[in-house]
Amino acid sequence: MDTTIIERWKLCTFVSFTGCIILILCLNKSHSSTKLLALQDPAISITSLNQFPTQTIEFSAASKLIVYPPESVNSSEDGCNMFDGRWVYNPKARPPYDGHQCPFLSDQVSCRRNGRSDSDYEKWSWGANGCEIPSFNATDMMERLRGKRVVIVGDSLNRNQWESLACLLYSSLHPSRAYIETQTSVYKVFRAKDYNFSVEFYWSPFLVQLDVDKKNGTRVLRLDKLSGSARRWQGADIMVFNTGHWWAHQGKMRAWDLFQYEGKLVGEMKIESALDIGMKTWASWVRRKVDMNKTRVFFRSISPSHTRKECYNESKPLSEEPFAVVSSFPRSLTEIIEGTIKEMENPVTYLNITGLSQNRRDAHPSIYARKQGQGQQLSKEFHPDCSHWCLPGLPDTWNSLLYASLVFNTSGQVSDS
């Protein structure tokens, strides 16, 4: 009998040991995707960066990633999904403002001023399926913003949106009753004196901090620290964030050399893992620093780019029906952004403009991102801008949907206030 007990004890010991080994292997496997290579010496030379492999994400139309019909991240079942609809052409339509009314618009978005002669791209309006979206009303918008601050934070596409919103409001005022500061590309502000509100833009393409070593030029993306301008975002009544495109840049377009995470410099990490950490850093800041009883937080989805061939010399959308086209932006990154927003305790409104914007290849500046000579053709030296958008143009629709989101209450019905 003692021999039987001993044999059973040996068997239990062997099974327990084997189970521990399997558990350790599983844990190692779950963490292997991050592939962190901690560089304990912060004085690492730039030449050693070539030892680290670059990201494998393709940022090209060849990826053929389908844009799925938008499902609002935080909408109720009985609510109106403003982002599900179609484009409607009206040959008699007029844009909400004349670009010449807004002298602060950058050359990059001033297509008509730069020589674009066609205007059909200004005659398309967005209509939602199953509900009516209130048209943008500048006077009503300014009353809603009276005494408040709006901050728009992100990359140059959010700057594109800021220029649109500033012009929508500025064109409804006498110039003497507005204050505009646009001297730099990293900070811009519009103030309406009689309404005592401001609309501010802060350039922060990653939302987290990007540092540059002054001695050796090494660029470090600090995944667990929010952008240095974040202290100026606080206290705003409306916040509109975006990020995405700069995370997908590769090669010479990539803006960082190293990541920093938990006090360590990291030379290799899957871009999905890096974005996930960065988004969680932003979400944590919103949870800790934003008073949701006062502030409404929005996050705008990816603004789609088009290829050189899709964008150049085009005057019509790809299709009147959205979601019939494909997106070049990696779906894996979009899922991380949307997943973070879904998991947040604080309610964040997701402005899902990707699908409706994907059709609008006609609305990019193309070669009209700068002043053009008559009859100028596309050259090998100059790449048309197929990322940003003409103004007046598509970002005005984004801001109309932002306005509608402020008009709609949480049940999806139009409020009286």
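First, a word on the source. This is a predicted model, in which local features need pLDDT of at least 70 and side-chain atom pairs count only at pLDDT 80 or more, while totals for chains, interfaces and linings use all residues. Residues are numbered from 1 along each chain as its sequence is written, and side-chain values use heavy atoms, with hydrogens and water left out.

How many disulfides does the structure hold? There are three, a disulfide being a pair of cysteine sulfur atoms within 2.5 Å.

Let us take Cys102 and Cys167, whose sulfur atoms are 1.8 Å apart. This link is right-handed, with 90° about the S-S bond. Cys102 sits in the loop between strand S3 (85-89) and strand S4 (124-128), whereas Cys167 belongs to helix H3; the two are 65 residues apart. Helices (H or I, at least four residues) and strands (E, at least two) are DSSP runs, numbered from the N terminus. Both Cys102 and Cys167 are buried. Buried means under 20% relative accessible area, exposed over 50%, and partly exposed in between, with a 1.4 Å probe and protein chains only.

H3 covers residues 156-170, and its 15 residues reach 20 Å from the first C-alpha to the last, close to the 21 Å expected at 1.5 Å a residue. That expected span is 1.5 Å times one less than the number of residues. Is H3 mostly covered or mostly open? It is mostly covered, with 15 of its 15 residues buried.

I turn now to Cys111 and Cys390, joined with an S to S distance of 2.0 Å. The torsion about their S-S bond is about -90°, so this disulfide is left-handed. Cys111 lies in the loop between S3 and S4, and Cys390 in the loop between helix H8 (354-358) and helix H9 (394-407), so the pair ties together parts 279 residues apart in sequence. Cys111 and Cys390 are both buried.

There remains the disulfide of Cys311 and Cys386, with sulfur atoms 2.5 Å apart. Its torsion is about -95°, so it is left-handed. Cys311 is in helix H6 (residues 308-311) and Cys386 in the loop between H8 and H9, 75 residues apart. Cys311 counts as buried because its relative accessibility is 2%; Cys386, at 5%, also counts as buried.
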